[in-house]
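Me: I've got a model open on my screen and I'd like to talk through what the labels on it really rest on. Can you go through it with me?

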Amino acid sequence: WKRIAGNAESFDPHEASDYIDTLIKTGQADAAHQAWTDLQGKGLIRTLPGGTNQNLVTNGNFEDPLLNMGVGWRVQNVPGVYAGPDTATFHSPGHSLSVQFTGNQNLNYHQVFQFIKVSPGQKYQLDAFMKTQSITSDSGPRLEVVDAYDPGVLNKFTPEMTGTSGGWNPLNMEFTTGPKTQVLLVLLVRPPSKADDDTAISGKVWLDDVQISSATE
């Protein structure tokens, strides 16, 4: 990888996807982050702005293309569900991410997610905006923050949203990483309903301006 990263030749950053995934899966969070940084340094993916309140979420406003790799947003296809960019409804111009449920299944949905490199034993703040339209069932969409390697150490959810919100609802949550936490997963999820009837989910949810940053004292 050092040879590839140091070469002036350009390439499709997706060619590094399997390499970065292997590093993440084998617990080599620092090496995975370095590989991502190398791609930024080569100008193959956009560099995050710096600063003391740097947003650790890549493409949190969904203005850039969804990379489906590395520490960018991953959107996995699920039959009967559309998930992707929306240019008609957004909190900040001119894109959001929308997920539309067709009402055919009592879904355990967790197919929109991103890996985020963090430091152990630190306080962080999650901020985001979510909007819903005609979400049925008693179990609505929400955001989840979980330790990618040890969910027992950290696994927190924002409040669920059902029905029609009418506008953009702010989501705010403070959390502390575990003593060995290196990587978080932030996910848009909908746990399956436990109700006896009307368990299938239909309707639409939008997500925009997702930010995770160090919490101020």
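Me: How much space lies in the second largest pocket?

Reply: About 190 Å³. Keep in mind that this is a predicted model, so the values are computed from it.

Me: What lines the second largest pocket, and which residues lie nearest its centre?

Reply: There are 13 lining residues, and R46, T58, N59, D64 and L67 lie nearest the centre. Sorted by class, the lining comes to seven nonpolar, four polar and two charged residues.

Me: Which residues line the largest cavity?

Reply: I24, A29, A32, H33, V71, F115, I116, K117 and V183. Both α3 (29-41) and β4 give at least two residues to that lining. By class you get seven nonpolar, one polar and one charged.

Me: Why is S98 called buried?

Reply: Its relative accessible area is 1%, and buried means under 20%, so S98 qualifies. S98 sits in strand β3 (residues 96-102). Setting aside residues up to four places away in sequence, S98 touches Y82, A83, G84, D86, K204, V205 and W206.

Me: And S119, why does that count as partly exposed?

Reply: The relative accessibility of S119 is 35%. S119 and G178 are 59 residues apart in sequence, yet their C-alphas are 8.9 Å apart in space.

Me: How do you know that β4 is largely enclosed?

Reply: Count its buried residues: seven of the nine in β4 are buried, so the rest of the structure largely encloses this strand.

Me: What makes β4 and β9 a pair?

Reply: Two strands need at least two bridges to count as paired; β4 and β9 have seven, so they pass, and the sense is antiparallel. One of the facing positions is F115, whose bridge partner in β9 is L185. β1 and β4 have two bridges, also antiparallel, so they pair as well. There, V75 stands opposite V112 in β4.

Me: Why are β1 and β7 called edge strands?

Reply: The open sheet has five strands in the order β1-β4-β9-β6-β7, paired antiparallel. β1 (74-75) and β7 (155-157) each pair on one side only. For β7 that partner is β6, joined over three antiparallel bridges, with V145 standing opposite K156 in β7.

Me: Which members of the largest nonpolar core touch the most other members?

Reply: Of its 35 residues, those are V99, F101, Y109 and V112. The strands that each supply at least two core residues include β2 (81-86), β3, β4 (109-117) and β10 (202-214). There's also a second, separate core of 21 residues, with A29, W36, L44 and L185 among them.

Me: What is F101 in contact with?

Reply: Leaving aside neighbours within four places in sequence, F101 contacts G80, V81, L107, Y109, I135, I201, S202, G203 and V205.

Definitions and conventions: Residues numbered from 1 in each chain as written. Predicted model: local features only at pLDDT ≥ 70, side-chain atom pairs only at ≥ 80, totals over all residues. Heavy atoms only, no water. Helix = DSSP H or I, 4+ residues; strand = E, 2+ residues; numbered from the N terminus. Buried < 20%, exposed > 50% of the residue type's maximum accessible area, 1.4 Å probe, protein only. Contact = heavy atoms within 4.5 Å. 1 Å grid on protein atoms, 1.4 Å probe; cavity = no way out; pocket = protein on both sides within 12 Å on 5 of 7 lines; lining within 4 Å. Points joined across faces, edges and corners; volume = space filled by probe spheres on them. Nonpolar A, V, L, I, M, F, W, Y, C, P; charged D, E, K, R; others polar. Core = buried A, V, L, I, M, F, W, Y, C linked by side-chain atoms within 4.5 Å.
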